Amino acid sequence: MMRVLLDTHILLWSLLEPARLAPSHREMLESPEHEVFFSAANIWEIAIKRALNRPDFDAEPEVVRAAGLATGFHELPITGSHAATVRHLPDHHRDPFDRLLIAQAKTEPMRLLSSDPLIRWYSVDTL
């Protein structure tokens with residue numbers, strides 16, 4: 001069984017715009033052979049960017065969380081270990097949410113599903 005952590009845009013696409021996902025990613029997310037997780041960091045990012053009225057984050061964080069759980073995704077809390085791991089990451093990426101997701105993927109361990117090319121600079125298993 002593969003454990004997969006979703007980057008925020010992948011979480012939003014999977015719930016709101018599944019046609020934006022590559023067919024192989026859609027199949028993977030729907031497969032019972034994979035455990036799919038979203039992070040509290042995803043919901044935090046959506047909440048902050050929604051509060052800033054960013055047009056690319058027009059979904060409500062509570063709705064995204066509920067939809068993720070209803071879809072069968074698992075919620076990954078943020079732990080002190082995750083937060084401490086951020087300190088040891090190289091400075092390839094400035095986005096604090098992505099850095100926390102990378103730390104979570106490394107700590108758990110999980111594969112991180114993202115279309116962000118900067119994430120590949122980290123020694124984390126990406127999809």
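This is a predicted model: local features need pLDDT of at least 70, side-chain atom pairs count only at pLDDT 80 or more; totals for chains, interfaces and linings use all residues.
Residues are numbered from 1 along each chain as its sequence is written. Local features need pLDDT of at least 70, side-chain atom pairs count only at pLDDT 80 or more, totals for chains, interfaces and linings use all residues, and side-chain values use heavy atoms, leaving out hydrogens and water.

**Exercise 1.** Work out how α3 and α4 are oriented to each other.

- Start with the axes: those of α3 (residues 40-51) and α4 (residues 61-71) come within 9 Å and cross at roughly 155 degrees.
- Now apply the cut-off: over 145 degrees counts as roughly antiparallel, so α3 is roughly antiparallel to α4.

**Exercise 2.** Find which residues of α3 and α4 meet, and sort them by type.

- Look for contacts, meaning heavy atoms within 4.5 Å: I43, I46, A47 and R50 from α3 meet P61, V64 and R65 from α4.
- Sorting that set gives five nonpolar, no polar and two charged residues. Here Ala, Val, Leu, Ile, Met, Phe, Trp, Tyr, Cys and Pro are nonpolar, Asp, Glu, Lys and Arg are charged, and the others, Gly among them, are polar.

**Exercise 3.** Decide whether K49 is buried or exposed, and list what K49 touches.

- First place the residue: K49 sits in helix α3.
- Next check the area: K49 has a relative accessible area of 12%, and buried means under 20%, exposed over 50%, with a 1.4 Å probe and protein chains only. That makes K49 buried.
- Last, the neighbours: leaving aside residues up to four places away in sequence, K49 touches R54, F57 and D95.

Notes:
Axes are lines fitted to C-alpha atoms, for helices over the stretch in contact, and angles run from 0 to 180 degrees between N-to-C directions. Helices (H or I, at least four residues) and strands (E, at least two) are DSSP runs, numbered from the N terminus. Angles under 35 degrees count as roughly parallel, over 145 as roughly antiparallel, 65 to 115 as roughly perpendicular and the rest as oblique.
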